Amino acid sequence: MYQVLKNGRVLINCQDLQTAMVYIRSLESNLDRNTSHSPYTIERAPEETPDQARARNKQRIRDQLDGVRSRVDRLSAILNN
């Protein structure tokens with residue numbers, strides 16, 4: 001199992017290296033490689049069961065959605081004032 005990291009922070013776990021590479025390619029598709037370095041890295045994930053990995057990914061997604069919701073709420077408050 002592999003982890004995809006952005007600036008050292010885990011984004012997602014992948015079952016194999018090829019999946020991690022495809023995921024990073026999609027993330028980097030809008031990057032101008034002439035002006036910026038990729039913030040993404042692949043590393044081996046700690047040993048865990050697939051169920052544990054899925055549970056961690058679900059929690060990360062929930063955390064990211066909570067962050068997006070709070071930003072949307074702040075922007076809505078700004079626009080409504």
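Select Leu 5 and Val 10 to begin: Leu 5 stands opposite Val 10, which lies in strand E2. The model is predicted, with local features requiring pLDDT of at least 70 and side-chain atom pairs counted only at pLDDT 80 or more, while totals for chains, interfaces and linings use all residues. Residues are numbered from 1 along each chain as its sequence is written, and side-chain values use heavy atoms, with hydrogens and water left out.

**The hairpin**

Next, display strand E1 (residues 2-6) together with E2; the two pair in the antiparallel sense over five bridges. Strands (E, at least two residues) and helices (H or I, at least four) are DSSP runs, numbered from the N terminus, and two strands pair if DSSP finds at least two bridges between them.

Now select Asn 7, in the loop between E1 and E2. The hairpin has two residues between its strands. Asn 7 has a positive phi of about 50°, although it is not a glycine. Is Asn 7 buried or exposed? Asn 7 counts as exposed because its relative accessibility is 63%. (Buried means under 20% relative accessible area, exposed over 50%, and partly exposed in between, with a 1.4 Å probe and protein chains only.)

**The nonpolar core**

Select Tyr 2, Val 4, Cys 14, Ala 20, Ile 24 and Tyr 40, the six residues of the largest nonpolar core. E1 and helix H1 (17-28) are the elements that give two or more residues to this core. A nonpolar core is a set of buried Ala, Val, Leu, Ile, Met, Phe, Trp, Tyr and Cys residues joined through side-chain atoms within 4.5 Å.

Centre the view on Ala 20. Residues up to four places away in sequence aside, Ala 20 touches Tyr 2, Val 4, Cys 14 and Ile 42 (contact means heavy atoms within 4.5 Å).

**The largest pocket**

Then select Lys 6, Arg 9, Val 10, Leu 11, Arg 60, Asp 63 and Gln 64, which line the largest pocket. Strand E2 (9-14) and helix H2 (50-80) are the elements that give two or more residues to this lining. A pocket is an open set of points on a 1 Å grid over the protein atoms alone, where a 1.4 Å probe fits, with protein on both sides within 12 Å along at least five of seven lines; lining residues have an atom within 4 Å of a point.

Finish at Gln 64, in helix H2. Gln 64 counts as partly exposed because its relative accessibility is 42%. The C-alpha atoms of Gln 64 and Asn 13 are separated by 15 Å, and these residues are 51 apart along the chain.
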